[in-house]
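Dear colleague,

Please find the structure below, together with the sequence. My notes on it follow.

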Amino acid sequence: MFKHLFKLIWNKKKQNFLLMTEMLVSFMVLFAVFTLMVYYYDNYKKPMGFKYQDVWVININNSYQTKNTDSLDLYYETLRKIIKSLPQVKDLSFVSGNVPFSNQINQGGLTFKGKHIDHLNNFTAEDSYKETMDLDVLEGRWYNKSDAVSKYKLVVIDADLKEATFGKEQAVGKLLGNDDDKKKMKVIGVIQTIKRNGDYVKAGPGLYFRADTGSFRWLSKILVKVSPGADAAFEGKLYKTMAGYMKNSNIEIEHLTNKLKDTNYFAVIPMIVLSIVSCFLIINVALGLFGVLWYNINKRKGEIGLRRAIGATGNSVSSQLVMESMILATLSLIIGSFFAIQFPLLNVFDLSAHIYIIGMLLSIIFVYLLVLVCSLYPGRQAAAIYPAVALHEE
Amino acid sequence: MLKNYFKIAIAVLRRRKFFTFISLFGISFTLTILMVLTAFIDKVIGDNYPDKKRDRLLYVNRIEQKGKDNMTSGTLSYYFLSHYTGMMKTPVKVAISSGFNGTNTYVNNKKIAVSYKYTNAEFWDVMDYDFTEGKPFNKQEVDNADHVAIISEDMKRQYFGDVGPVVGKYIEADNVNYRVLGVVKNVPVTSYMFFSDIYLPYTVSKADYKSKSYGGGYMGVLLAASKDDVPKMQAEYENLMKRVPVESKDYQHLYSHANSFFRSYVDTGNEASSGVFIVVTAISIFVFIFMLLPTLNLVNINITRIMERSSEIGVRKAFGASSKTLVYQFIVENLILTLLGGIIGTLLSVIALWAINNADLIANLQLSINFTVLFIALLACLIFGFLSGVYPAWRMSKLNVVTALKAQ
């Protein structure tokens, strides 16, 4: 049966070649779209890792500088007291510039047990960071005052980094660092990865360091947790208080809720544009396929009539036609999958393999469905051909 | 002759309405997408407000210093720009401005997010902002570090509401009161080198603009006396940069370029990778794949249609029409179909652009169909029609007369 179908396809290789190319290109487009969708969904279902509601970011440009560390600390500790004394402020933490949902990045690398980890985010935060952000501590603990004096340099890592370094094992108490480093860092806690790039984009692994004396020199942002009812009037007051104290700085207050919205917007808009465009492409292809198949069946009336005349049922005729197009689809999908499988093999875009595989499976199913739907109606039409009428035409 | 082809084409189109619909749908939709894309690119890169003298300008927006394992790259300091461009002879004027930064201001318990930008006085001579009222600040006011500001129309509406002239009034930003000197038309944020809500003299900047380090928050635009002086100006800047010493022992090389607008706009921030290359490749790949599918589809449909007309072709061949004539006829027919699709596509893109503008995806970015866009659409139409017509026409002309006539 299959041999016979292949023969039929081979006899019309020129036209079928074009149809196959069309299916192949549609598969590649679908593969790209589905992979992106799976990637977004994969990130979307992960927990956010902290509570961003009612957290404000204060950006300080051109902050107070002095060579004397003591007066630097005094200056910022006073600022902390001033902000904290405001009625609606619950907690605050000075942090490095790469706060969640900002474009600023501070990345490095790490080679741990022969495995290289790229795009490793380095964060610096204070003891109060946990309360301010309402962090989700998975293992061990966040920093506290007692960590100021310690034999080792301490570090808190996030779930992604733990997965990449220690895997399923416990991480707390173990040493972390480059293989050739003499002084390694000791892990004291693992926190849930904070989705710093918004709901849809991967955050990447992160290392959290404790702010120490002198860090104020470059900790350019403050995260402030406010009580739920804090409004613009209070924000204005906070702003005036800050600006009054830091006369030489430019100050900007942003809300993490709004920043998340902006970040998501930049992720979702390309997705929407891509979906609309590929939607129309697919409609286009579907119409084309339908038209061509329909026409082919009209042309093969004689052949079909003959088969019916010698006893083939309507179902077997229509299933033959559907099978023919399915074989065409299979052939182009095999070629398409060969190209698609290169993406996880060569690790082109730094996505995990399962995202590509799911994307590929989805697009294979979609192409099959598309071809099935497009050939079903022409197939049914063919089944309705009466042998007498068809043979009479010749 | 052409009139006959036209008549035949219309007759064929009306015969198989479903196929005609498929073809027109494919063509018009593809064109709509291409036109929206070109309108967007044309607006972002081609729109020369406020730098209207673009053919006389060169843009300096980055300095890179590179050592063995380390590199630093970013915008420049005010000192670096004013000091080194001051040594140059070809530029008539040099506009220096900072990138835009954000701050807040609070009016009537309402928060307004404000972008501010510091500029020198020459910035206003080099750029051609459209002033709806007032005038720019001059050198005197900059030197005195007067608290004066130029604001955008958006800012005026947000801060003052719908009122008459606001020149002379005070606007509070960053906890400082500035006297409004003028109001300019909005610049979309995609022109990141010129966008801002408030423009201030660089001398009122709270940051230390006298700092002698190379990196800072500023960008420069060099104005040549005429178009012909631009290459000379570019060469002069390149030569100058070769003589500038690196800032510290950690670095061995220093790069900074005075580029044309497009080149500086798509700069990647890294000497090793060319932004122009990346952007052009990305757009080409997108357009290629995007046009490939509808073209294949059209070829498929066209072949089917042609085979349907084999008897007509057989008759024409039997009466002595050459393959060339037939190919020519078919391509013309196909071009007519494509142009029809083009007209529908243009209408669709007008609607699409209207919808995009109304959705206000990017503030102040008003897309429109202009002649560039129309021309590109027309070109795309022709290429499209030609590509999808050639192969089927060739197949058709190869038909054997006898088989063609016998087919029916």
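Into which domains is chain A divided? Chain A has domain 1 (2-45 + 263-393) and domain 2 (63-248), with bounds that come from an automatic or database domain assignment.

Two remarks on conventions come before the findings. This is a predicted model, in which local features need pLDDT of at least 70, side-chain atom pairs count only at pLDDT 80 or more, and totals for chains, interfaces and linings use all residues. Residues are numbered from 1 along each chain as its sequence is written, while chains are lettered from A and ligands numbered from 1 in the order in which they are written.

Domains of chain A

The centres of domain 1 and domain 2 of chain A, taken over C-alpha atoms, are separated by 51 Å. Seven residues from domain 1 of chain A and seven residues from domain 2 of chain A form the contact; two residues are in contact if their C-beta atoms, placed from the backbone, lie within 7 Å. On the side of domain 1 that touches domain 2, H2 and H7 of chain A are the elements giving two or more residues. Helices (H or I, at least four residues) and strands (E, at least two) are DSSP runs, numbered from the N terminus. H7(A) provides the largest share of that side, four residues.

Contact between the chains

In the pairing of the two chains, 32 residues of chain A are in contact with 30 residues of chain B. Helix H2 (13-44), helix H6 (232-245), strand S11 (250-255) and helix H7 (256-299) of chain A each supply at least two residues of the side that touches chain B. H7(A) gives the most, with 10 residues.

Helix packing in chain B

Helix H9 (residues 275-308) and helix H12 (residues 371-397) of chain B pack at an angle of about 35°, their axes 9 Å apart. Axes are lines fitted to C-alpha atoms, for helices over the stretch in contact, and angles run from 0 to 180 degrees between N-to-C directions. Residues of H9(B) in this contact include Leu298(B), Val299(B) and Ile303(B), and those of H12(B) include Phe384(B), Leu387(B) and Tyr391(B).

Asp197(B)

Asp197(B) lies in the loop between strand S10 (176-184) and strand S11 (198-201) of chain B. Asp197(B) is buried, with 27 other C-beta atoms within 10 Å; a residue is buried if 20 or more other C-beta atoms lie within 10 Å of its own. Not counting residues up to four places away in sequence, Asp197(B) touches several residues, among them Tyr116(B), Ile151(B) and Asp154(B).

With kind regards

How values were computed. A residue is buried if 20 or more other C-beta atoms lie within 10 Å of its own, exposed if 12 or fewer, and partly exposed in between; C-beta atoms are placed from the backbone.
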